[in-house]
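Subject: Handover of a structure

Dear colleague,

Please find the structure below, together with its sequence.

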Amino acid sequence: MRTQSRQGFPSSIRQQGSRRRRAVSAAAAVAVGVMTLGTLAPPAASDSAATPTAARPDAVQQSLNALVRDDGMPAALASVQDRNGRTRTYTAGVGDLATGSKVPKDGQVRIGSNTKTFTAVVVLQLVAEGKVGLDASVDTYLPGLVRGEGIDGRNITVRQLLQHTSGLPEYGNHIDDDEIRYRYTEPRELLDIALRYPADAAPGTTWGYSNTNYVLAGLIVQKVTGRPLAEQIDRRIIKPAGLRHTYFPAPGDMTIREPHPKGYHRNPADGPLREFTQMDPSWAWAAGQLISTNSDLNRFFGALLGGRLLPAAQLAQMRTTVAVGGPSGLRYGLGLTSRPLSCGGVYWGHGGDIAGFETRGGVTDDGRAANVAVTSIPTDEGATQHVKDAVDRALCG
């Protein structure tokens with residue numbers, strides 16, 4: 001969730017320019033130091049279909065090896081699909097620093113703010129069903145709930161929530177990872193934290209990443225459907241798209257169910273790495289609670305961009321983007337980002353950070369897909385860029 005601060009727009013869960021604060025609190029990120037790992041685990045790449053050219057697997061494996069060797073990531077994992085549908089998975093590093101165990105092939109990880117895309121898809125499905133209006137106010141569905149200094153839900157639209165142009169303050173800046181690690185947090189409590197602070201901007205005037213937007217989007221889903229958000233994501237997305245390794249943790253579920261590498265976290269940013277795999281992710285909720293694998297993320301974004309989860313009109317709305325600022329060329333749609341590729345064109349995805357894990361990746365319009373995960377949030381711009389470079393190399397190799 002630190003989410004998009006790391007992607008270049010305050011990517012996962014934080015805002016641009018607040019990287020140091022985000023490293024201190026993954027809670028704010030649901031959008032990081034270098035340690036020496038004795039020996040690098042042997043390169044591991046496996047092909048689920050025909051063997052692709054040697055250039056791509058070498059390039060991707062080398063990127064993951066460097067993330068471990070040079071950037072201090074305990075582990076790095078990737079899944080790459082070419083335009084012919086051939087898939088390779090990769091690992092580097094170790095799955096457990098204490099035991100030196102292998103990294104599980106395509107292991108499950110916490111995917112942080114990639115969850116936002118799932119939440120946005122459910123909202124847009126409800127738009128297609130005539131149950132939600134993109135340009136209707138938040139008060140239409142949650143009357144009187146959103147009020148604060150410079151904040152009025154009558155003046156904020158659903159579209160502005162999904163595109164981070166509401167001006168709502170970020171609740172994640174005001175919670176600490178260690179304090180909330182084992183504590184269940186209600187969505188309304190997250191909203192209450194945000195509303196203690198003044199608006200960051202007037203609605204519709206500027207882009208500003210805030211997890212608070214997606215807490216409200218999740219509450220709208222529940223109000224309109226009368227059902228839990230987790231159930232709606234499972235019924236509307238996970239099952240239809242065949243995501244067999246993706247799930248929304250139930251209340252009290254602090255583990256990762258399937259084989260997974262352990263996640264590690266620094267709090268503060270210049271502190272030691274600590275094992276941080278188990279946590280109650282309820283503080284991330286609609287903004288960052290999901291668990292998945294790189295391959296499932298490729299499948300999800302492929303199904304989404306392939307028109308299998310949304311009607312054409314709503315997918316077009318989702319892909320209508322605004323600039324987020326900065327030199328990266330990153331643009332934000334409705335829970336979906338586009339980023340330029342070094343080989344030309346763009347890829348579509350989201351990305352996410354949550355204490356212990358960072359994921360980056362997406363798909364191209366011609367069917368290429370790649371997702372990369374590391375088991376600690378990078379604490380410096382160089383390492384963060386190297387994760388994004390690994391995705392670029394995988395898609396352009």
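A residue is called buried under 20% relative accessible area, exposed over 50%, and partly exposed in between, with a 1.4 Å probe and protein chains only. Helices (H or I, at least four residues) and strands (E, at least two) are DSSP runs, numbered from the N terminus. This is a predicted model, in which local features need pLDDT of at least 70 and side-chain atom pairs count only at pLDDT 80 or more, while totals for chains, interfaces and linings use all residues. Residues are numbered from 1 along each chain as its sequence is written, and side-chain values use heavy atoms, with hydrogens and water left out.

**Helix 9**

Helix 9 spans residues 187–194, and its buried residues are Pro-187, Leu-190, Leu-191, Ile-193 and Ala-194. They lie on the same side of helix 9 because they cover an arc of only 155° around the axis; the arc is that of the directions from the helix axis to the C-beta atoms. Among the elements that cover these residues are helix 10 (211–225) and helix 12 (285–288).

**Nonpolar cores**

A nonpolar core is a set of buried Ala, Val, Leu, Ile, Met, Phe, Trp, Tyr and Cys residues joined through side-chain atoms within 4.5 Å. The largest one has 84 residues, and the members that touch the most others are Phe-118, Val-146, Leu-216, Phe-300, Leu-304 and Met-318. Helix 5 (residues 114–128) gives the most to this core, namely eight residues. A second, separate core has 20 residues, including Val-68, Met-73, Val-80 and Val-387.

For Phe-300, contact (heavy atoms within 4.5 Å) is made with Thr-117, Phe-118, Val-121, Ile-237, Leu-243 and Leu-309, leaving aside neighbours within four places in sequence. Gln-314, which lies in helix 14 (residues 312–318), counts as buried at 13% relative accessibility. With neighbours within four places in sequence again left aside, Gln-314 is in contact with Leu-124, Val-127 and Ala-128.

**Aromatic rings and charges**

Rings of Phe, Tyr and Trp (its six-membered ring) pair if their centres lie within 6.5 Å; planes under 30 degrees apart count as stacked, over 60 as edge-to-face and the rest as tilted. The structure holds five such aromatic pairs. One of them joins Tyr-209 and Tyr-332 edge-to-face, at 6.4 Å centre to centre and 75° between the planes. This pair links distant parts of the chain, 123 residues apart: Tyr-209 is in the loop between helix 9 and helix 10, and Tyr-332 is in strand 12 (residues 331–332). Tyr-209 is buried, with a relative accessible area of 0%, and Tyr-332 is buried with a value of 0%.

The rings of Phe-300 and Phe-301 have their centres 4.9 Å apart and their planes at 55°, so this pair is tilted. Phe-300 is buried at 0% relative accessibility, and Phe-301 is buried at 0%. Phe-118, Phe-300 and Phe-301 form one aromatic cluster.

A charge sits over a ring if NZ of Lys or CZ of Arg is within 6 Å of the ring centre and within 35 degrees of the ring normal. Arg-181 lies over the face of Phe-276, 4.0 Å from the ring centre. The charged end of Arg-257 sits over the ring of Tyr-247, at 3.7 Å from its centre.

**The disulfide**

How many disulfides does a search of the whole structure find? A disulfide is a pair of cysteine sulfur atoms within 2.5 Å, and the search finds one. Cys-343 and Cys-396 form it, with their sulfur atoms 2.0 Å apart. The link is left-handed, with -70° about the S-S bond. It connects distant parts of the chain, 53 residues apart: Cys-343 is in the loop between strand 13 (337–340) and strand 14 (346–349), and Cys-396 is in helix 15 (residues 381–396). Cys-343 is partly exposed at 42% relative accessibility, and Cys-396 is partly exposed at 24%.

Gly-362 is found in strand 16 (residues 357–363) and is buried, with a relative accessible area of 0%. Beyond its neighbours within four places in sequence, Gly-362 has contacts that include Asn-298, Trp-348, Ala-369 and Leu-395. Asp-82, in the loop between strand 3 (75–81) and strand 4 (87–93), is buried at 6% relative accessibility. The C-alpha atoms of Asp-82 and Ala-369 are separated by 6.6 Å, although the two residues are 287 residues apart along the chain.

With kind regards
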